Amino acid sequence: MDNHFFGIDLGTTNSVMAYASFDRQNRIESKVIKVNRLSESGGQIRSDKLPSVVFYKKSSDKGFSKIVGDYAKGQYGKRVGYVVKSIKSQMGENHVEGLNPEINDKQPEDVSAHILNHLLLEAKKQLLLQEVPKDVVITIPASFTPDMCQATINACKKAGIDTASHEMLLYEPKAVLYDFVNSQLRGEIPKSVVNLNSPKNILVYDLGGGTIDVSLHKVSFIENDELLKIEDLAISRYTNLGGDDFDDRIAELLYERFIAYIKQYNVDPKILDKSEVIRILKKKAEQCKIDLSDTFIVAQLNNRKLPDDYAVEILEGNLYGGYGYEDFIKPEIIEKTIEDLMGWHLNIDDVNHIDRLSQSSEHVNNIIYPILDTLSKAKDKYEDVKIDAVILNGGMTKFYLIKDRIKKLLNIEPITITDPDLSVAKGAVVYHYYLHKYGTMYQKEINQDVLKQIVNSITSTILNDTINLAVRGGKVKALVKAGTPLPFESETFTNQFLTSDESEYIKLSFYLGRGDSTDLPNRRIADRIVKLSKKYPIGTDISIKFYIDSMKLLRLEGWVTNNPKDKVLIEVDTNSLTEQHKGPGKNVVSNEPNRLNVFNTFNCLNQYCIAYEQIMKSKKNKNITLISQKIKLTINEILKCSNPEEFAVPILNYLQSSKYNDTFKSRLYLISGKIGKNWTKRQIKRFEKICLDMINPQRYYPKNNELIINCINALGYLKIKNAKNYLIYHLNHSLYKKHYANILITLGKIEEGTDEVIAYFKKLNINETGKLQNTLWALGKLCAREFDRCDVNVLYQVIDKLLFILKNKKHEQIIDNTIYALAEICDRRQIVKRPVSNKVADKVIEAINDAIFRYGLDNHRVEVAKEMIIGVDLSEEHTAQLLQLRTHND
C-alpha cells in the first residue's frame, strides 16, 4: 500500500493540502504541505495555507499566466477584472462574476482547477513523487448542492485528478471528525474530551470564509477502536455566508469612516471609486478581525478583560490615490456593525418555529439559523436527539464572538479544533487511507459482509435539503425529503404532473429547501428544458423518476405517461446550462392540491379569457382550442387548491365589477359552485344575492348563455333553496329553453319544485334526449319515497311513462337515469312510509329484468335499483353508490 494518501481542502479563503505517513507504531499521521508561492511583494514564501485567489497576469504572447496565492491576493482591488477570490462561493454558477471577458476561463470550475494544479504540483515537488498525484480526496461543504458537487468534480478533472475510481468528494464536517478522532487515537487530544466508547451525537459547526456548514452526526467505532462509523442525522441548508460577509460589513464601516477622515482635509469623496476603495478596505477589515481576536484571546488566557480604552488601530500612509487613513475603532463599534450576522434575536426555542423563520431573509442570513435548521431536520426525523458535543471548525470560528454565541445558544461548551484552518485537509487524508484500506479488502472479497458494512459506513451520507420541482403558480412539489439516505432511487411519479402548454418543450426547474414555493427559504439550483418527440396537448400526464448518487448528483427520467417510448434523460448540473438548453418550455402543473397565489392565478385566468373573446370576435378560431385548454387547466388548479377559502372575496368582487368580460365571469360562477362550500355563510349569502340578481327575470336576459348556465349550476352545487321561484319561472317560459336541462338539475340538487318537475315530465316529448336525460335524474331525486315529498298516487302516471321510456329508448344514459328514477319512486325499503303497491313494484322489476336481457345491462346501478324496489336493506357499498347517484357528479 502506498505510504501517501492525499486530501485537499478547497476553501473559500484558503486552500490546504495534506498527506499521510505512518509513525513507528504504524499509526496514520496527517501532515500539511507547506506550499511555495509568491508573496504580496513578489518574493518566494512557503506556508501551509494557500490563499484561494487567482490573478490572471497578461503575458507577452497576449495570453495570461495564472498566479495563485498571496501575490494574487495582493492584486485584489488593484487589477479589477483580472483577480478572482472566494471562487468556492460561485461553484455551480455558469459564469465567473467580475472576470474580464477576454480571459478564456468562463466557469468557476476553471478557476478552481488552477488552485488545485498549484497544490498538486507542490506535492509532487516536495514529496519527490514520480508524477502529479491523481488519487486525491477533495472536501466540500455537506450542504453543497448537486450542481456545486458536479462543478467541483469538473474542476478536479481539469486538474488531472482521477474522479472515477472511488468516492473522491468528502463532506467537510466528516473530515473534521476523522481528524479529531485520529488526534485522539494518537494521544494528541485526550479521549475524555469526547468518549466514543458509546455512540455520541456530535454537532459540527464549520464557519469558513464563504459558507457555514452545520451537521449533526452519530459517531462511534466499528473496527478495533480504529475506524469511525459516522451516521449523518441532519445537515443544514447551504448558507452562502462566512468570513467574507463579516469583512464586507466592516469594510463598509471603514469606508464611511475613511470618507469622514479625508473630508477634514477638504477632499471631495466623489473623486473616489468606491468599489476599488472597498476592495482595499476588505483586507484591512480582515486584519481588524484578526487583531481584535488575538487581543481578546490573550486577555482571556490572562484572565482579564479588554481595557475600556482598547481600540483596533489602522495606520495607512497611502490607502488610495495618495490619501492616508488613520483610525482607532473600539470593539463595540465592530460588534454593532456585524450584529445582524450574529442572529442575536434567535434562541433554541425557534427550532419549533423554523418554517416561520424561513420566510424572512432577516432570520435566515446569520450564523445561527443553520444550527436551528439542522436541529429542526433532526427533530423531524427522530423524536429526541440529544447533542453530546459541539466541535467548531473553520477559520472564522477563531473570531472571539463566535464561540460564545454558540455556547449561549446550545448551553454547551464548544470544542475548538487546535488549528481549524488545517483540520479538514488532515481529516480527508485519514478518510482516504481508510477508503483504500477497506475498499481494497472489499474488492478482494475478504470478509464481504463485514467489509460491505464498513465501506458503506465510510461513504454513506444523506440529502441535506429537500429537492423540489417547480410547478406552475410559483409553487413546488417535493420530490425527495431532507435526510433521505443516499444513494436514492425514487418511485415513479405518475398522475402528479401535467403539461401546462401545447408544446414539445417542458421546463423542469429544481429547488432546494423546506418551503412550498419558489420563494424563501427555497432556492433554485437548476433549470432544464426537456424536448419531447412531438407536441402534446395541455394537461398531458407526465411521469417522472429520478436517481441521486452519494454526491447528490441527480439523474432524472421523464416521459409521457401514455407513451413511455417518448422518454428523456437529464442530469441536473447547471454548469452545462448553456444557450441551447434555454427554450420556450413552461413549468409543469401539479395534479395535487397546492396553495395558490390568488391574485396571480386570477390574473392568468382573466388574460386567457380576454384572449378567448378576442379570438371569437375575430372569427379566426385557429388558437381557440389551445386557449380553451389553458382556461380549463387553470380552473382545475383552482378546484384542486388547498386554499379555496382565499378565493371567495376576489371572486365576489370580480362578479360585481363591470371591468371583466362575460367569459371570465362565467368561469367564476363555475369555480364558485365547486369551491363555495369552503366559504363562510356570509360569503355564500353574498354570492346567492349575485346569482339571484343574474337570473331575476325582471332585470335582463344575458346574451351569454354560458354565463347564466354556470350561474344556475352554481346555485345547485351550493344548494341555494331561495333560487326555487326564479328557476320555476324560467322552466315555464320558452325564452329560457336553452337552460331547461340545467334548471332541472339545479331543482333536483336544491330539492325544491317537485310538483313543477312532475308536471314538466308529463308533458315532455321523450324524443328530446338532452332534456329527458336531466329530467329523469331530477325526477328521481325529488320523488324519492324515502323523503315522501309528494303523494304516492300522483306518481303512478309517472311510473307508466317511465316504463314506456325503458321499453322504447335505447340511449344508454336515458336507460340508466330511467332505472334510477324508478328505483327512487318505487323504493320499498323499511325506511319508506308510503311505498308503491306490490303489484306496481313487481311490474317495474319485470320491466327492468326485460331491459337487462334486451340491452345486456350489467352495472351496480341496476343491482341497487332492484334491491330498493324489492325492499332489501342496502349494503354499505350499495348505500354509498345510491348517495353518489343522488349527487349527480357533485
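**Exercises on a predicted model**

At 1% relative accessibility, Phe-664 counts as buried, since buried means under 20% relative accessible area, exposed over 50% and partly exposed in between (1.4 Å probe, protein chains only). This is a predicted model, where local features need pLDDT of at least 70, side-chain atom pairs count only at pLDDT 80 or more, and totals for chains, interfaces and linings use all residues. Residues are numbered from 1 along each chain as its sequence is written, and side-chain values use heavy atoms, leaving out hydrogens and water.

**Exercise 1.** Find how the rings of Phe-602 and Tyr-654 are arranged.

*Solution.* 
Step 1: Recall the rule: rings of Phe, Tyr and Trp (its six-membered ring) pair if their centres lie within 6.5 Å; planes under 30 degrees apart count as stacked, over 60 as edge-to-face and the rest as tilted. This rule gives 28 aromatic pairs.
Step 2: For Phe-602 and Tyr-654 the centres are 5.2 Å apart and the planes are at 85°, so this pair is edge-to-face.
Step 3: Now locate the two rings. Phe-602 belongs to helix 15 (residues 598-618) and Tyr-654 to helix 17 (residues 648-655), so the pair links distant parts of the chain, 52 residues apart; helices (H or I, at least four residues) and strands (E, at least two) are DSSP runs, numbered from the N terminus. Both Phe-602 and Tyr-654 are buried.
Step 4: Compare with Tyr-660 and Phe-664: their centres are 5.3 Å apart and their planes at 45°, so that pair is tilted.

**Exercise 2.** Locate the cis peptide bond between Leu-520 and Pro-521.

*Solution.* 
Step 1: Start with the background: most peptide bonds are trans.
Step 2: The bond joining Leu-520 and Pro-521 is cis, with omega about 5°.
Step 3: Pro-521 lies in the loop between strand 25 (503-512) and strand 26 (523-536).
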